[in-house]
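Reader: I would like to see how the labels used for this model follow from their cut-offs. Please set each value against its definition.

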Amino acid sequence: MRKLFLALLVLMSCIGCSSVANLKTDDLGSQVFSQTSSESIKVYSTADAGREYKVIGQVIANADAGKEAKKAVNLLKEEAAKLGADAVVNLRLEIDAGYWNSAIKATGTAVKFQN
């Protein structure tokens, strides 16, 4: 029984967990955009993206990433793409140190560039 418990404990520590969410806000009313490619989404740590934009929603991603924030940011970009975003502004990263591993939470505002 003890070996089974230890095996499960090791397995659980090796499996990475992530959670993501997006929320289309009412900034643009009922306007909806087609999904974009997550690879094309730019990420900015401030509100200045160098172009005018409209806010379309909020995005959040949490990933067991150790010291590597890219995994959480890539998940964040995927969520922004679902809203049809061109970029994420006001990126914020938080590290949550757990008993077995560390998680990185990435949050931001999904935006659509104006033509």
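Reader: What is the average pLDDT of the protein, and how many of the residues score at least 70?

Author: The average is 82, and 78% of the residues score at least 70; pLDDT is the predictor's confidence in each residue, from 0 to 100. This is a predicted model, so local features need pLDDT of at least 70, side-chain atom pairs count only at pLDDT 80 or more, and totals for chains, interfaces and linings use all residues. Residues are numbered from 1 along each chain as its sequence is written, and side-chain values use heavy atoms, with hydrogens and water left out.

Reader: Where is confidence lowest, and where is it highest?

Author: The lowest mean, 49, belongs to helix 1 (residues 2-14), and the highest, 96, to strand 2 (residues 42-43). Helices (H or I, at least four residues) and strands (E, at least two) are DSSP runs, numbered from the N terminus. Over residues 5-15 pLDDT stays under 50, and for that stretch the model has three contacts beyond four places in sequence; contact means heavy atoms within 4.5 Å. Where pLDDT is low, the predicted coordinates should not be read in detail.

Reader: What elements does the protein have, and in what order do they run from the N terminus?

Author: The protein has two helices and five strands. Their order from the N terminus is α-β-β-β-α-β-β.

Reader: How do you know that the span of helix 2 agrees with its number of residues?

Author: The expected span of a helix is 1.5 Å times one less than its number of residues. For the 14 residues of helix 2 that gives 20 Å, and the end C-alpha atoms are 20 Å apart, so the two agree. After helix 2 comes Gly84, with a positive phi near 90°.

Reader: Why is Thr109 called buried?

Author: Buried means under 20% relative accessible area, exposed over 50%, and partly exposed in between (1.4 Å probe, protein chains only). Thr109 has a relative accessible area of 11%, so the residue is buried. Thr109 is in strand 5, where nine of the 12 residues are buried.

Reader: What makes the pair of Thr109 and Gln58 a polar contact?

Author: A polar contact is a pair of N or O atoms within 3.5 Å; within protein, one must be able to donate a hydrogen and the other to accept it, and residues adjacent in sequence count only if both atoms are side-chain atoms. The side chains of Thr109 and Gln58 make such a contact at 3.1 Å. Leaving aside neighbours within four places in sequence, Thr109 is also in contact with residues including Val55, Ala87 and Asn90.

Reader: Why are Thr25 and Thr36 called buried?

Author: Thr25 has a relative accessible area of 17%, so this residue is buried. Thr36 counts as buried because its relative accessibility is 19%. Both are found in the loop between strand 1 and strand 2. Thr25 touches Val55, Ile56, Gly57 and Gln58, not counting residues up to four places away in sequence. A polar atom of the Thr36 side chain lies 2.8 Å from the backbone oxygen of Ala85.

Reader: What makes a set of residues a nonpolar core, and how many residues has the largest?

Author: A nonpolar core is a set of buried Ala, Val, Leu, Ile, Met, Phe, Trp, Tyr and Cys residues joined through side-chain atoms within 4.5 Å. The largest one has 19 residues, and Ile56, Val59, Leu76, Ala80, Val88 and Ala110 have the most contacts inside it. Strand 3 (53-64), helix 2 (70-83), strand 4 (87-97) and strand 5 (102-113) each supply at least two of its residues. Helix 2 gives the largest share, seven residues. Another core, of five residues, lies apart from it and includes Ala49, Val89, Val111 and Phe113.

Reader: How do you know that strand 5 pairs with strand 3 and with strand 4?

Author: Two strands pair if DSSP finds at least two bridges between them. Strand 3 and strand 5 are antiparallel over 11 bridges, and nine bridges join strand 4 to strand 5, also antiparallel. Opposite Ala110 in strand 5 stand Gly57 and Val88.
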